[in-house]
Amino acid sequence: MKHSGAALKGKGFNVKCAETEKDFIDGLESSDVAWVVSSDKEPTDELVDACVKFQRQGKGLALWADNQPYTATVNAILNNIAPEMVLSGKTPANKVLSASFHPRKGQFKRHIITSGISQLFEGITICYPSSVVEPFELLANSTDGNPCMMYADYTTNLPTEQGRMIVDCGFTKLYHNFDTAGTNRYIRNVCVWLLGLDHRLAIGAELQGPIPKPLAQKAHHTKDKKSRT
C-alpha cells in the first residue's frame with residue numbers, strides 16, 4: 001500500500017493508514033474520503049455503522065475487495081447500502097483492461113474516474129458482484145466478462161446528501177503492476193472524484209464536512225422543478 005499512499009500524497013492528500021478498526025473509526029470524523037480494504041473476516045457492527053454513517057453524511061467511500069474470502073468487510077458494508085449486490089468468486093484475472101464508451105468484456109468506461117487512462121490492471125485474482133443495482137452503475141468488466149468496478153453518483157439515483165462511492169473487486173492492483181498499467185492515475189482520480197467538490201459547489205455546500213440535509217433537500221427540489229419545466 002505504500003505506492004498508493006505516496007501517489008495520493010503527491011496529489012496533495014493527507015493520508016492516514018489505520019492499523020485497527022478503532023483507529024479507522026476514530027479518524028473518520030476528520031476525513032473527507034475513506035478507503036476500506038476488505039479482509040477475510042467479518043467486521044464489527046461498529047465499523048459497518050461508522051462507514052455507512054460516513055457515506056450518508058456526504059463523504060466519499062471507496063470499497064476495495066478481492067477474491068473470496070477477501071470480500072467479507074465490503075459485503076457487510078454493502079448489505080446496508082445495496083443488499084442485493086453481494087461480492088463473491090475467485091476469477092483468474094492478471095490482465096489489463098482497455099477504455100471504451102460502452103464497456104464490454106475486458107473494458108472500462110470512459111469517465112472522470114478513468115480520465116487520462118488508456119489501460120488499467122484489473123488485479124491478480126478478483127471477485128465479482130451478484131448483480132449491479134442502484135445506486136451503483138457499471139464502470140468496468142473484467143477480462144472474464146464479469147463486472148469488476150462499480151460507482152455510485154448523483155446521476156445514478158444517489159441521494160443528494162450522501163457521498164459518492166466506488167467498489168473495486170481487485171485490490172491487488174494497489175500494489176501489483178502499480179506503475180505500469182494505470183493504477184497510479186486511477187487512485188488519484190478516484191479520490192478527487194470522491195471528494196464531490198463539483199456537487200458541493202453546485203448545491204452550495206461547504207467543501208468539507210457533512211452535507212446538511214435541509215440544503216441537500218432544497219437542491220433536490222430545485223433539480224426536480226427544473227426537470228419538469
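1. Aspartate 168 and lysine 173 form a salt bridge, with their closest N and O atoms 2.8 Å apart. The term means a side-chain nitrogen of Lys or Arg within 4 Å of a carboxyl oxygen of Asp or Glu. Both aspartate 168 and lysine 173 are buried. Buried is under 20% relative accessible area, exposed is over 50%, and partly exposed is in between (1.4 Å probe, protein chains only).

2. A word on the basis. This is a predicted model: local features need pLDDT of at least 70, side-chain atom pairs count only at pLDDT 80 or more, and totals for chains, interfaces and linings use all residues. Residues are numbered from 1 along each chain as its sequence is written, and side-chain values use heavy atoms, without hydrogens or water.

3. The structure holds six salt bridges. In one of them, arginine 164 meets aspartate 153 at 2.8 Å, N to O. Arginine 164 and aspartate 153 both lie in the loop between strand 9 (147–152) and strand 10 (165–168), so the pair ties together parts that are 11 residues apart in sequence. Both of these residues are buried. A network of salt bridges links Asp153, Arg164 and Asp198. Helices (H or I, at least four residues) and strands (E, at least two) are DSSP runs, numbered from the N terminus.

4. Helix 2 (residues 21–28) carries both aspartate 26 and lysine 22, four residues apart, about one turn of the helix. Their side chains meet in a salt bridge (2.8 Å, N to O). Lysine 22 is exposed at 56% relative accessible area, and aspartate 26 is partly exposed at 48%.

5. Now the rings. There are four aromatic pairs. Rings of Phe, Tyr and Trp (its six-membered ring) pair if their centres lie within 6.5 Å; planes under 30 degrees apart are stacked, over 60 edge-to-face, and the rest tilted. Tryptophan 35 and tryptophan 64 make a tilted pair, 5.0 Å centre to centre with 50° between the planes. Tryptophan 35 is in strand 1 (residues 33–37) and tryptophan 64 in strand 2 (residues 60–64), 29 residues apart. Tryptophan 64 is buried at 1% relative accessibility. The rings of tryptophan 64 and tyrosine 186 are edge-to-face, because their centres are 6.1 Å apart and their planes at 85°. Ring pairs link Trp35, Trp64 and Tyr186 into a cluster.

6. The largest nonpolar core has 61 residues; Trp35, Leu87, Phe136, Tyr186 and Ile187 touch the most other members. Such a core is a set of buried Ala, Val, Leu, Ile, Met, Phe, Trp, Tyr and Cys residues joined through side-chain atoms within 4.5 Å.
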